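Please go through the structure shown here with the following paragraphs at hand.

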Amino acid sequence: MESFILPAAADLLHTIVGHRHVLAKSQERVVHYTSVSSLFSMFANERMRLYDSDNSNDPGEGKYFDQHSQWLSDYSWLDTATPMPVYIASFVLSDLSEGDRSCSDDLVYWRTYGDSGRGCSIEFFSSSRDLQKVLYGQHEVEATAESLREFLSQVDPFVEPSSPIGARLADLVAEALNSIRHLYKSEDYEYEHECRLVVLKQQQSLANIHIDSDQAHGGFSVRHYCYDDRLKLRGMLDATGSTITIGPAATSQEALERTMRVALEKLGIYSGASIKFSRISYRRN
């Protein structure tokens with residue numbers, strides 16, 4: 001029975017929690033804003049980092065889903081599904097259906113995520129990277145929760161914490177909840193048009209977890225991160241149509257462009273990614 005129930009439950013659960021977050025065909029391009037120093041750190045490591053969710057600048061990170069699905073407490077065996085931090089890489093959906101407009105050169109994102117316009121943005125294709133779009137608002141939580149409630153009522157008779165199959169079913173649900181908790185936000189953040197790669201910490205080996213520290217703005221912070229092969233720069237930037245945009249307030253833009261080209265060549269990327277300058281008029285400090 002275990003060999004039948006667990007795979008069937010896993011497939012059904014994946015469908016319930018995943019299908020609403022699938023990127024549409026028109027959302028095949030995504031953008032990541034970052035600082036120049038972080039970009040060259042990516043070049044050096046050949047990959048983009050996923051950061052610990054505890055270091056999010058959103059105080060409600062991972063909590064919004066639970067706030068609007070309190071009924072989960074009806075299932076006592078879900079105690080194992082208490083919120084746990086995850087690793088996250090965040091991107092902006094680049095909707096190119098609006099003529100020449102691209103989210104890779106947007107003043108709001110430059111100010112918020114692009115080092116106040118001094119950084120860079122990377123636009124690439126999302127295919128095969130398992131990115132999932134973030135949904136906004138209480139109604140989105142309720143729609144997913146309703147489907148999840150039906151699933152839980154079906155598996156509840158099989159869940160006995162003392163039995164191996166019951167414990168594994170509880171673990172399946174716990175993993176799913178700890179993933180989707182980070183795919184729902186208040187409508188206050190809807191302008192972000194965000195999508196994410198979410199990786200569970202328990203799926204990472206200690207060898208793949210790294211520590212970083214930063215001293216800025218009079219303070220000192222320490223955080224940890226991991227890498228994922230789905231975010232290798234070579235795979236992201238060697239496709240024709242991928243773009244690096246230099247921010248409108250970046251200094252020495254021409255020299256920065258030349259250095260970027262050298263960095264791309266060191267990665268073995270001789271074609272594919274183009275480098276351009278922001279078209280936004282923005283005063284440099």
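In which strand is the place of Val30? Val30 lies in strand E1, which covers residues 29-34. This is a predicted model, and the values below are computed from it. With a relative accessibility of 0%, Val30 falls under the 20% limit and therefore counts as buried. Apart from neighbours within four places in sequence, the residues in contact with Val30 are Leu23, Phe91, Val92, Leu93, Ser94, Ile122, Glu123, Phe124, Ser126, Leu131 and Cys195.

One of the contacts of Val30 is Ser126, which can be followed next. Ser126 is in the loop that runs between strand E4 (120-125) and strand E5 (132-133). Its relative accessible area is 11%, and since buried means under 20%, Ser126 is buried although it sits in a loop. When residues up to four places away in sequence are not counted, Ser126 touches Leu23, Gln27, Glu28, Val30 and Leu131. Leu23 and Leu131 are also among the contacts of Val30.

The loop between E4 and E5 also holds Asp130. The phi of Asp130 is near 60°, a positive value in a residue other than glycine. Most residues other than glycine have a negative phi. Asp115 has a positive phi as well, of about 55°, and is not a glycine. Where is the place of Asp115? Asp115 belongs to the loop between helix H4 (107-113) and E4. Are these residues buried or partly exposed? Asp115, with a relative accessible area of 33%, is partly exposed. Asp130, with 48%, is partly exposed too, because the class lies between the 20% and 50% limits.

A further aspartate, Asp228, is placed in strand E10, residues 219-232. Asp228 has a relative accessibility of 12% and so counts as buried, the limit being 20%. The side chain of Asp228 makes a polar contact of 2.8 Å with the side chain of Arg230. Beyond neighbours within four places in sequence, Asp228 is in contact with Arg47, Leu50, Leu197 and Val199.

Helix packing comes next. Helix H2 (residues 36-45) packs with helix H8 (residues 253-266) at an angle of about 20°, and the two axes are 10 Å apart. Angles under 35 degrees count as roughly parallel, so H2 is roughly parallel to H8. The crossing in which H2 passes H8 is left-handed. Which residues make the contact? From H2 they are Val36, Leu39, Phe40 and Phe43, and from H8 they are Leu256, Thr259, Met260, Ala263 and Leu264. By class, the residues of this contact are eight nonpolar, one polar and no charged.

The chain as a whole can now be described. The protein chain has eight helices and twelve strands. Of its 285 residues, 47% count as buried, and Val30, Ser126 and Asp228 are residues of that kind. Among contacts between residues at least 6 apart in sequence, 82% join residues at least 24 apart.

Conventions:
Residues numbered from 1 in each chain as written. Predicted model: local features only at pLDDT ≥ 70, side-chain atom pairs only at ≥ 80, totals over all residues. Heavy atoms only, no water. Helix = DSSP H or I, 4+ residues; strand = E, 2+ residues; numbered from the N terminus. Buried < 20%, exposed > 50% of the residue type's maximum accessible area, 1.4 Å probe, protein only. Polar contact = N/O pair within 3.5 Å; in protein donor to acceptor, adjacent residues only side chain to side chain. Contact = heavy atoms within 4.5 Å. Axes fitted to C-alpha atoms, helices over the stretch in contact; angles between N-to-C directions. Parallel < 35°, antiparallel > 145°, perpendicular 65-115°, else oblique. Left-handed = near helix turned anticlockwise from the far one by under 90°. Nonpolar A, V, L, I, M, F, W, Y, C, P; charged D, E, K, R; others polar.
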